[in-house]
2 protein chains.
Amino acid sequence: MEHAQALEQLMQLQQKMSAFGHAMALLQFDGGTTAPAGTAANRGQTLAILSQEEYLLATGEQTVALLTELDACKDELDPKKARMVELLYKSIREMQKIPMDEYVAYSQLLVESEEVWRTAKQNNDFALFCPYLEKIFETERRFALYCAPDMDPYDYCLGKYEDGLTRQTCDEFFSVLRARLVPLIAKIGQAEQLPDDCLHGHFPAADQEALSLALMETMGIDMAHCGLATTEHPFTTSLGSHFDVRITTHYYEDNFASSMYSVIHEGGHALYDLGSDDSLAYTVLDGGVSMGIHESQSRFYENLLGRSLPYVTHVFPKICACFPEQMQGYTATDLWRAVNRVTPSLIRTEADEVTYAMHVMVRYELEKQVMSGALAVKDLPNAWNNLYREYLGIEVPSDTEGVLQDSHWSFGGIGYFPSYALGSAYGAQLLAKMRESVDVDACLARGDFAPINAWNREHIWQHGCLYKPGELLARALGEPFDPTYFTNYLESKYSELYSLT
Amino acid sequence: MEHAQALEQLMQLQQKMSAFGHAMALLQFDGGTTAPAGTAANRGQTLAILSQEEYLLATGEQTVALLTELDACKDELDPKKARMVELLYKSIREMQKIPMDEYVAYSQLLVESEEVWRTAKQNNDFALFCPYLEKIFETERRFALYCAPDMDPYDYCLGKYEDGLTRQTCDEFFSVLRARLVPLIAKIGQAEQLPDDCLHGHFPAADQEALSLALMETMGIDMAHCGLATTEHPFTTSLGSHFDVRITTHYYEDNFASSMYSVIHEGGHALYDLGSDDSLAYTVLDGGVSMGIHESQSRFYENLLGRSLPYVTHVFPKICACFPEQMQGYTATDLWRAVNRVTPSLIRTEADEVTYAMHVMVRYELEKQVMSGALAVKDLPNAWNNLYREYLGIEVPSDTEGVLQDSHWSFGGIGYFPSYALGSAYGAQLLAKMRESVDVDACLARGDFAPINAWNREHIWQHGCLYKPGELLARALGEPFDPTYFTNYLESKYSELYSLT
């Protein structure tokens, strides 16, 4: 076979995989947004069949022969093509190790699990979700051992979301955070609390939706290619390629800041996805390279920019336009102080920047224990509540606000959580680097995201999955990853906010 | 091969086809509801690939061998299996005659066309849509000649929506309607007009949505398996099987009756789809058998029941609950008279029961002429406006309210329109038959659709595509189809409403 023909087939294979991916992502998006309550099994049937077709396509003789041929001559390929072959070959080799019937059954289980989790969360009924979660943990462990029999299964899961991440790296990273943040949280706890009464009141969902759209516009999101919907748990998904991205949010009518920062967070994910170079569309290089880098973007916009004084000052008039009565008598600085109030709390997605990492550590510790067999799934609620008491000093009143709060486990996202904390730390270091060439505060003050987005596009977004996360970061930063950028940022910002000495 | 094995494969084939159908229907639903404006090409790419996969599945060697084997022994199969083989064999034989690249290109064209039509309608710009519509008519004619070279292409198109329908049947049917309805319309035109001021005012979309949900409930629609969304042009779609049906509507804030009757109309389609026997799920027998029968159900609920005095009286308090100020001073009888006002008008979907068939005749005449080559697509606006002047005596002020008003042509639905008029006539005869065993007016008066729905389920819904439309109708009616049931119904109802002599 000529290389040219093989390369043409390589592109066609990826286009087909993108089409299956598009259909399956849309089925899941529909399930989370507008699908009627009783339709999950019907969707599960279709997802099972499509994932089986995708499996047959990815692991079929033709595909294996094609990739074997291209892998043999990868030194002659251009870097993009070589990376496509590398990524496809890796995922196919792993997929081949999972028996097809188990792969398909797991897809179907996850669809049902998400539905069951939603009901369980609504009714504070962990027992309902427990057998599903047991199967999920058991399957993740089994699949990990199929794919990497010589590796610890949880290390394998961590690496799925951040290439190269292990328990050892996590333990080291979290110990730095713990050493610096525990004293900071303690000092803040003794300081005078920041008032946040401007966030409380009645904020109708329709007005919050108008604010969501206004926020997306301030961030420079291309609204012709990015939609907004409502779901129980906010998320971002790309449909087929970076030409169609959807973000979701959840409106609480008694507090508009929750959805506001969800939208900015998911908007950061969307900007990253939308920013892939067009030449990467319909290939495995399209979209974000890892969850850690993804969270570096989402938490960059949410916190590093979104909770800064210049940004809050810029959007304050837009917020007042949506809630003219509710915001009467408050200033931009009041709002800025309110959205930066630090309090040990129950819900991760509502947590402030400082205590946030503690929420992640709880999940990391629990996943590590369940995956090693040291903790049974049925004992998770109790273990969860104990760690919240230990790390954050608070009592968990219900599983709805405790172990059932996040959707991640219901869709099989074991190993996902550490990337949130890692992303925050990546983001702080990226911002320091960006400040060398961009006057970020001035941009935010005038509501001009173009120079900020251009920097992120140049250094992060456009590359899609061309580089491994570590390499992408090294290229962008010009120095090794260092979590103290993040801890320094937090200490400096919150010392000022809380007048700490 | 054993029959048992072949029959197992037959079921698997249909499950796969249902899964592809589910994915493609959802992509189209997403395009019409929540997708961002710039994402049509991305969706078109995925639809092209999925339709290609579906084509390969349906026409592949394995499938053809399977169906050939089963077709040879069809006398030994139970009636359901025999009908599955018949329907699949028919559609595959036709599909095989269309070259795959043309089939795929057409799927992609239709996705783009729908997007272009939407823009063209919005901007009153027929010239924008014209080249797409030319390609659609040209492709429909070409495909018809591939599939049935000995048949008139427009007859072929008509038969796609109603098995056995031809220009001759349509001409005869419409001549009966014309003979009876033209004099009726003339008499009504000379009578004192019914006031409809209770329909006019300001009706916020959110309140109309609440009414939509209330109406769906009155009709006995299973809300766990039927969703409601908003689109430019209302439609009903089934996703994968009758376990997941979606209806859509469009809210005009100056007139709530438009959406109200759209919802009841689409709700009728939904009831039919939802009512397939569960044993038919994931087979080609699932869902409605033809557009004529489908419209017999949708227009049955919309007009024969929905615009009757007992039903309007029953829902009047629900309407008042949604619009307490707007409905002040009006009675149920005022509303009943208003929603039955007869006026020659521009928009088919807003037309009253009596003039409705005239709108259909316009489209039928134009399709017939374009398909025969007697009329060029570019001349459609002018021809449309002339026929509206001739049939309804009104001037068409813009293509938005004229030739661009319906979405059907943009999705390739040439030959679809006559089934609307046919369905109305089927419905009137079905109602007469139902009245022999069900006290329909008493049911409507107390808002109890159960006996009505049970009759339709027994005679129509449960059978899915098991019988051809003509056979289904003959079984339900016990006598041949007779359009004078419909004309008698209209003459009797409107003579009373307009006090005609």
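**Reading a sheet and a helix in chain B**

Trainee: Which residue stands opposite Arg246(B) in S3(B)?

Mentor: Thr237(B) stands opposite Arg246(B). Before we go on, this is a predicted model, in which local features need pLDDT of at least 70 and side-chain atom pairs count only at pLDDT 80 or more, while totals for chains, interfaces and linings use all residues. Residues are numbered from 1 along each chain as its sequence is written, chains are lettered from A and ligands numbered from 1 in the order in which they are written, and side-chain values use heavy atoms, leaving out hydrogens and water.

Trainee: How do strands pair, and in which sense do S2(B) and S3(B) pair?

Mentor: Strands of a sheet pair through backbone hydrogen bonds, either parallel or antiparallel. Strands here are DSSP runs (E, at least two residues), and helices likewise (H or I, at least four), numbered from the N terminus. Two strands pair if DSSP finds at least two bridges between them. S2(B) and S3(B), residues 245-249, are antiparallel over three bridges.

Trainee: What is the strand order of the open sheet?

Mentor: The three strands run S1-S3-S2 in chain B, with mixed pairing. S1 (226-230) and S2 (236-238) of chain B are at the edges with a single partner strand each, so one side of each has no neighbour in the sheet. From one strand to the next, the twist averages 25°.

Trainee: Is helix H7 of chain B mostly covered or uncovered?

Mentor: Buried means under 20% relative accessible area, exposed over 50%, partly exposed in between (1.4 Å probe, protein chains only). H7(B), residues 153-161, is mostly covered, with seven of its nine residues buried. Among them are Tyr154(B), Cys157(B) and Leu158(B).

Terms used: Axes fitted to C-alpha atoms, helices over the stretch in contact; angles between N-to-C directions.
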